[in-house]
Amino acid sequence: VGLGKNVADKAKEAQLFVQIKYLDREMLIRKENFGLAIWDAVSEQQWIHEALADETKDKHGLGVIAGTVGGLTKGIKGTVAKTLGAFSSDEREIAACVNKAKEEVKSMEEKKRRKEMAVAAIIEKGKK
């Protein structure tokens, strides 16, 4: 009975180690997919320095500065008034992607923690 139980415990321990490695791999894949999803969302956004460059392409000298400052002032006032506390669709998409990834990774980490505890219990039981 003792030998059979020991073999069964070792088999269970090996199985849990494989499952832990699998979860490590799944977390890495999920994080890589998260990065790809974020890149797709972020890479198509036009950042403020790009918008300013586009706005001032065909202008010269002080007209560039005056036009840019005037446009920025109007844009900022309008944007703040319209979107105070609101998010753009891109920001909502990024936030949703981040939240989903966090939930999935948290779930995988919890599964991994439980399996590590099971391995520790098997090892501790084998010491007795």
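Which helix holds both K10 and E13, and how many residues apart are they? Both lie in helix 1, three residues apart, or about one turn of the helix. In this predicted model, K10 forms a salt bridge with E13. The closest N and O atoms of the pair are 3.7 Å apart. E13 counts as buried because its relative accessibility, 11%, is under 20%.

The mean pLDDT is 76, and 63% of residues reach 70 or more. Among the elements, helix 1 (residues 2-43) has the highest mean, 89. Helix 3 (residues 62-83) has the lowest, 53. Where pLDDT is low, the predicted coordinates should not be read in detail.

The salt bridges come to nine. One of them joins the side chains of D9 and K5, at 3.7 Å from N to O. These two residues are four apart in helix 1, about one turn of the helix. D9 is buried, with a relative accessible area of 13%. K5 is partly exposed, at 44% relative accessibility. Beyond its neighbours within four places in sequence, D9 is in contact with I122 and K125. K12 also has its place in helix 1. Its C-alpha atom is separated by 8.1 Å from that of V119, 107 residues apart along the chain. K12 is partly exposed, at 40%.

Helix 4 (residues 89-127) holds E110 and R114, four residues apart. Their side chains meet in a salt bridge of 3.6 Å, N to O. E110 is partly exposed at 29% relative accessibility, and R114 is partly exposed at 45%. Elsewhere, salt bridges with shared partners join K5, D9 and K125 into one network.

Note on methods. Residues are numbered from 1 along each chain as its sequence is written. This is a predicted model: local features need pLDDT of at least 70, side-chain atom pairs count only at pLDDT 80 or more; totals for chains, interfaces and linings use all residues. Side-chain values use heavy atoms; hydrogens and water are left out. pLDDT is the predictor's confidence in each residue, from 0 to 100. Buried means under 20% relative accessible area, exposed over 50%, partly exposed in between (1.4 Å probe, protein chains only). Contact means heavy atoms within 4.5 Å. A salt bridge is a side-chain nitrogen of Lys or Arg within 4 Å of a carboxyl oxygen of Asp or Glu.
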